Amino acid sequence: MIINTGQRTDIPAFYAEWFANRLKEGYVCVRNPFDHHQVSRYRLDPSVVDVIGFCTKNPSGMFPYMDLLKAYGQYWFVTITPYGKDIEPNVPDKHRLLEDFRKLSEIVGINSCGWRYDPILISDKYTYEYHLRAFEQIASALEGYTETAVISFIDLYPKVRRNFPEAKEVNHEMRIAIGKELIRIAGEHGMTVKPCAEGNELAAYGADCSGCMKVSDYEKAIGQKLKVPVKKNIREGCACYLSGDIGAYNTCGHLCRYCYANAEAETVRKQMRLHDPSSPFLIGNYEENDVIHDVPQKSWVERQIRLFD
């Protein structure tokens, strides 16, 4: 099966020691975000976990623990955007992130690393021209270390509107204009642009609009075929295969203003104070009324040798 770590928070950036402890102990407990006392318990064992998916703005926290991941397939998305502290107050220096991306790619391989340049927002400071310059600089620095550049445009979810009230939708004409140029630039640096939940409007210009984290991406990363259960995505327009996320909402200390997974900053700080690196839970620990459900798990790798395809 596939374990994901990055749909709700950034584990490598803020909780790497905790995740290393979970790998050592061989299991992790995850609260249902809609029913606090319903707990899913996953085994962390390479005999049943085929791939661990990461999505982070700072992978370096996991570098001391990479030996613990050697037995697992891995796929990493690293988000590197052109925004300053006004938008991403706690994201590390971007030049350091470029170095860390290259280091990560050297460790896990080019097929296991993707770059995310998202979300794209337009303002008086972050203009069309600004994005083209920034994308070119980042793509040039990452050439040879990834073949994937994921883009998306800002979505004004209720949490985003509350934390970033001046943010505006990017209109269709601007999405096409920027998208066409980013596709061109990415191609010049050996990358394919994959729009994230943006429909097919950029397909005509060379984008791969089939999904940014498909089963085939996992298969390419691990070099094996996967026979996965049929799964329906709850996010409209998303074709990615997402399962078994072990994170928790309102726990990402980057506090990016466009984030859909965080509420108010004080809520995040309060939650993070409850983190215990030795707990089976990302936040807090076992509680009296918890109902523990051991999730059925098995490897999805196709063991049968295929003579014909």
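Visitor: In which handedness of crossing does α4 pass α6?
Guide: This is a predicted model, in which local features need pLDDT of at least 70, side-chain atom pairs count only at pLDDT 80 or more, and totals for chains, interfaces and linings use all residues. Residues are numbered from 1 along each chain as its sequence is written, and side-chain values use heavy atoms, with hydrogens and water left out. A crossing is left-handed if the near helix is turned anticlockwise from the far one by less than a right angle, and right-handed if clockwise. For α4 passing α6, the crossing is right-handed.

Visitor: At what angle do helix α4 and helix α6 pack?
Guide: Helices (H or I, at least four residues) and strands (E, at least two) are DSSP runs, numbered from the N terminus. Axes are lines fitted to C-alpha atoms, for helices over the stretch in contact, and angles run from 0 to 180 degrees between N-to-C directions. The axes of α4 (residues 128-142) and α6 (residues 172-188) lie 10 Å apart, and the packing angle is about 20 degrees.

Visitor: Which strands stand at the edges of the open sheet?
Guide: The sheet has three strands in the order β2-β3-β9, with mixed pairing, where two strands pair if DSSP finds at least two bridges between them. Each edge strand has a single partner, so one side of each is left without a neighbour in the sheet; these are β2 (27-32) and β9 (291-294).

Visitor: How many bridges join β2 to strand β3?
Guide: β2 and β3 (residues 35-43) run antiparallel, and Cys29 stands opposite Arg41 in β3. The number of bridges joining β2 to β3 is six.
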